[in-house]
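Here are my notes on this model, point by point. Please read them with the structure open.

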Amino acid sequence: MTPIAPQAAGVDAHCHIDLFPSPDAVVARAEAAGVYTIAVTNAPSVFAHTLELTRGSRFVRPALGLHPELVRTHGGQLDQMLQLLPQTRYVGEIGLDHATGDADDHRRQARVFGAILERCASAGDKVLTVHSRRAAAEVVAAFGTSFPGVVILHWFSGGLRDLQKAIDAGMYFSVNPAMFRSGHGRKLIAAMPRDRVLTETDGPFVRSGARPAEPGDTIPLQSDLGGLWDCSAGEAGAVVVSNFLRAIGER
Ligand code: MN
């Protein structure tokens, strides 16, 4: 008997499934819950593992990444990253991180990020989940105004002016429980157009109570969004799912 496919219940646009102790169980729970999940990775050398983990999954998509904070030690994997790009439509975690004031590191990050964006632009249909800590203006500027792909700014924490530039450039935003716990985070979420909002966990780095947050933990965020948007949790969830499907062109 063919199992009945679950209805789409939510979106986790940024989760490090490979960093959980039992990643296959996290994939199985996301699949059972019907949560569309972008399974990001931090270095090209670990991508094959996540590709394997998500094989045959309807809801969990494997992403190829090179995390900006790892560029110092793993920047040599850029060529591998560019070679692997045709294997998946999803790209992340990539971006810039200026939390340290090291100018050499910023230059290396910009070189790697620029090379990845150039190749993604040539491909034309990539879905990118992008880190921008202390580098919101630089990240938004790196894409220009006509980047041919889907850009999702993950855990955006810049200012309202940079947020507006990202909105004007057509970008999406994935918001997480930690953002709802912060005053600035809530102010940013309130300023995001509803049709650009996605949810994420950034698990296992963000926690849900005593344990690391995983894709199913995006469901309670739908209540928070409903409170903000003056609608029910179910309606907010439908908006988020519909945003994701529209972004990736599967609707
Ligand atoms: Mn992350």
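1. Arg134 sits in the loop between β5 (127-131) and α6 (136-143). Keep in mind that this is a predicted model. The phi of Arg134 is near 55°, a positive value in a residue other than glycine. Arg134 counts as exposed, because its relative accessibility is 62% and the cut-off for exposed is over 50%.

2. Arg134 is also one of the contacts of His98, counted beyond four places in sequence; the others are His106, Gln109, Arg133, Ala135 and Glu138. His98 itself lies in the loop between β4 and α5 (103-123). Is His98 buried or exposed? His98 is buried, at a relative accessible area of 16%.

3. Asp230 is in the loop between α10 and α11. With 73% relative accessibility, Asp230 counts as exposed.

4. For α10 (residues 219-229) and α11 (residues 233-248), the angle is about 100° and the axes are 7 Å apart. That makes α10 roughly perpendicular to α11. On the α10 side, the contact uses Gln222, Ser223, Leu225, Gly226 and Trp229; on the α11 side, Ala233, Ala236, Gly237, Val239 and Val240. By class, the residues of this contact are 6 nonpolar, 4 polar and no charged.

5. Another helix pair is α7 (residues 160-168) with α9 (residues 183-191), at an angle of about 30° and with axes 11 Å apart. The crossing of α7 past α9 is right-handed. Leu160, Leu163 and Ile167 of α7 meet Lys187, Leu188 and Ala191 of α9. This contact has 5 nonpolar residues, no polar and 1 charged.

6. Which residues coordinate the manganese ion? The donors are His14 (NE2), His16 (NE2), Glu93 (OE) and Asp202 (OD), at 2.2 to 2.3 Å. Along the chain they follow the spacing H-x1-H-x76-E-x108-D. His16, in the loop between β1 (10-15) and α1 (23-33), and Glu93, in strand β4 (residues 90-95), are 77 residues apart, and the pair links distant parts of the chain. Both His16 and Glu93 are buried.

7. Two cis peptide bonds deserve a look. One joins Gly92 to the manganese ligand Glu93, with omega about 15°. Another joins Gly203 and Pro204, with omega about 0°. Pro204 is in the loop between β8 (197-199) and β9 (207-208).

Conventions
Residues numbered from 1 in each chain as written. Predicted model: local features only at pLDDT ≥ 70, side-chain atom pairs only at ≥ 80, totals over all residues. Heavy atoms only, no water. Donors = N, O, S within 2.8 Å, 3.2 Å for Na, K, Ca; no water. Helix = DSSP H or I, 4+ residues; strand = E, 2+ residues; numbered from the N terminus. Buried < 20%, exposed > 50% of the residue type's maximum accessible area, 1.4 Å probe, protein only. Axes fitted to C-alpha atoms, helices over the stretch in contact; angles between N-to-C directions. Parallel < 35°, antiparallel > 145°, perpendicular 65-115°, else oblique. Contact = heavy atoms within 4.5 Å. Nonpolar A, V, L, I, M, F, W, Y, C, P; charged D, E, K, R; others polar. Left-handed = near helix turned anticlockwise from the far one by under 90°.
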